[in-house]
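Here's a quick briefing on a ligand site and the charged pairs that go with the fold. Have the model open while you read.

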Amino acid sequence: MEPIIVIGSGLAGYSVIRELRKLDREVPVMLLSRDSGDYYSKPMLSNAFAQGKGAAALVQTSVVEMAKQLGITVRSHTEVHGIDVAAKRLTTTQGEPRYSRLVLAIGADPIRIPLQGDAADAVMSVNDIADYAHLREAMQGAKRIAIMGGGLIGCEFANDWAAAGFIVSVIDPGSYPLASLMPQQAGSQLRAPLAAIGVDWRFGTSVSRVDSAATGYTLTLADGSQLQADIVLSAIGLRPRIALAQTAGLAVNRGIKVDTHLRSSDPAIFALGDCAEIEGRVQPFVLPIMHAARALAKTLAGEDTAVVFPAMPVVVKTPTHPVAVLPVARDAVGVWQTLASGNGIKMAFLDAADRISGFVLTGEFAAERSEMTKRVGTPLAATGKADNIVAAESS
Ligand SMILES: Cc1cc2nc3c(=O)[nH]c(=O)nc-3n(C[C@H](O)[C@H](O)[C@H](O)COP(=O)(O)OP(=O)(O)OC[C@H]3O[C@@H](n4cnc5c(N)ncnc54)[C@H](O)[C@@H]3O)c2cc1C
């Protein structure tokens with residue numbers, strides 16, 4: 001019997017195998033990964049510095065131990081180049097294994113924007129543990145760090161490093177932090193607390209050039225201003241890896257298109273995690289991956305199961321001013337309402353039927369995450385809460 005082959009040893013790949021093994025210890029499983037296959041928690045990359053952790057300390061379980069625990073064959077440092085869907089066979093750097101069913105858990109690539117300047121290639125990004133090791137090396141002796149992008153990852157790194165004493169600049173074309181996740185009133189809450197620990201915000205502009213300087217680099221911004229940095233980190237977003245699927249003839253859009261059963265346009269091939277677009281939505285976060293992995297494991301074990309996503313808030317790891325957000329789709333119809341403010345803000349997104357369908361909690365309100373999650377789907381008025389509606393903001 002050909003094995004189930006999983007490509008990718010990140011959270012998505014390992015989670016689906018772990019869930020499958022709870023249901024079936026026998027079915028042969030092979031994991032292929034172009035990295036080492038060691039297991040680590042990717043979200044820790046953006047708050048590891050404050051915890052004094054280098055790359056090696058972030059590895060939770062070695063690949064050898066993972067293979068033993070899960071009873072699987074692992075081929076690490078093996079890149080998959082092609083999928084022959086008719087023959088159910090892969091082309092890889094280490095042979096041509098055949099599969100019974102195939103799971104694509106191949107993640108996403110950091111988006112790179114073209115930059116001018118003789119040091120444009122020195123711009124770093126951190127999307128896996130090897131990138132993090134590289135970054136930690138570059139940080140030896142560095143003092144000034146410039147971060148391109150004030151989204152979740154940019155803000156988390158900014159908090160981590162500013163708290164450790166680095167001089168951190170964040171450059172973002174928007175007008176406030178976390179703009180893709182929340183409305184201005186909420187995102188702006190992060191601005192002053194992070195500025196107070198030394199973050200130099202540069203909103204409304206972007207980096208045009210990176211040139212070598214006597215020490216470090218000179219960044220020239222689109223507004224003509226310049227700043228100096230020893231490290232330039234790009235954190236402007238991720239793009240699902242679709243090339244492998246596309247070349248094999250699978251349906252792709254922003255991500256690899258799958259239905260609620262995580263099944264691609266080929267019935268023997270599934271996808272989940274940062275590479276997947278589930279019914280039109282790419283959700284590059286831990287909780288959606290865990291839910292998708294559980295459903296897919298059941299399907300692989302013989303019980304065809306659709307994934308059902310509950311409300312899944314995202315915690316932004318900015319301890320200087322904590323943030324929890326249940327994001328809403330860009331095209332969601334409704335209004336953001338401020339329910340309370342003080343040292344932070346509490347906002348809810350109300351849909352056309354006045355039901356809570358998203359929220360943002362910052363600062364002192366971040367601790368109300370579980371309570372707000374329970375209120376999702378209920379009308380604001382029906383919750384019996386004495387929320388003081390301070391202001392309404394249209395979507
Ligand atoms: C710095 C950072 C902080 C984050 N913080 C949070 C957070 O606080 N909360 C949250 O919910 N989410 C967070 N996320 C997002 C979350 O970590 C990701 O959604 C998740 O880890 C993605 O897992 P994945 O398995 O889909 O992809 P990946 O972890 O990227 O794994 C992809 C795997 O595929 C392999 N691969 C790719 N192509 C091939 C190929 N052709 N052949 C063989 N192998 C291949 C790679 O080697 C890798 O093993 C964060 C992300 C980053 C980068």
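In this predicted model, a backbone N or O atom of Phe285 sits 3.5 Å from an oxygen atom of the ligand. The protein buries 93% of the 1,000 Å² that the ligand exposes when taken alone. Domain 1 (4-108 + 238-300) and domain 2 (120-234) both give residues to the shell, so the ligand lies between them.

**Around the ligand**
- The shell has 31 residues, and the closest are Ala12, Asp35, Asp274, Val286 and Lys317.
- Sorted by class, that shell holds 14 nonpolar, nine polar and eight charged residues.
- An N or O atom in the side chain of Lys42 is 2.9 Å from an oxygen atom of the ligand.
- Arg34 uses its backbone instead: an N or O atom there lies 3.1 Å from a nitrogen atom of the ligand.
- Helix H1 (11-23), helix H5 (152-163) and helix H9 (286-300) are the elements giving two or more residues to the shell.

**Salt bridges**
- The count comes to 15 salt bridges.
- Arg34 also pairs through its side chain with Glu79, at 3.2 Å from N to O. Glu79 is in the loop between strands E5 (73-75) and E6 (80-84) and Arg34 in the loop between strands E2 (29-32) and E3 (39-40), so the bridge ties together parts 45 residues apart in sequence.
- Glu2 and Arg98 meet at 3.6 Å, N to O, and this pair links parts that are 96 residues apart in sequence.
- Asp200 and Arg202 form another bridge, at 3.1 Å.

Terms used:
Residues are numbered from 1 along each chain as its sequence is written. This is a predicted model: local features need pLDDT of at least 70, side-chain atom pairs count only at pLDDT 80 or more; totals for chains, interfaces and linings use all residues. Side-chain values use heavy atoms; hydrogens and water are left out. A residue is near a molecule or strand if one of its heavy atoms lies within 4 Å of it. A polar contact is a pair of N or O atoms within 3.5 Å; within protein, one must be able to donate a hydrogen and the other to accept it, and residues adjacent in sequence count only if both atoms are side-chain atoms. Accessible areas come from the Shrake-Rupley method with a 1.4 Å probe; for residues, only the protein chains shown count as cover. Helices (H or I, at least four residues) and strands (E, at least two) are DSSP runs, numbered from the N terminus. Ala, Val, Leu, Ile, Met, Phe, Trp, Tyr, Cys and Pro count as nonpolar, Asp, Glu, Lys and Arg as charged, and the others, Gly among them, as polar. Domain bounds come from an automatic or database domain assignment. A salt bridge is a side-chain nitrogen of Lys or Arg within 4 Å of a carboxyl oxygen of Asp or Glu.
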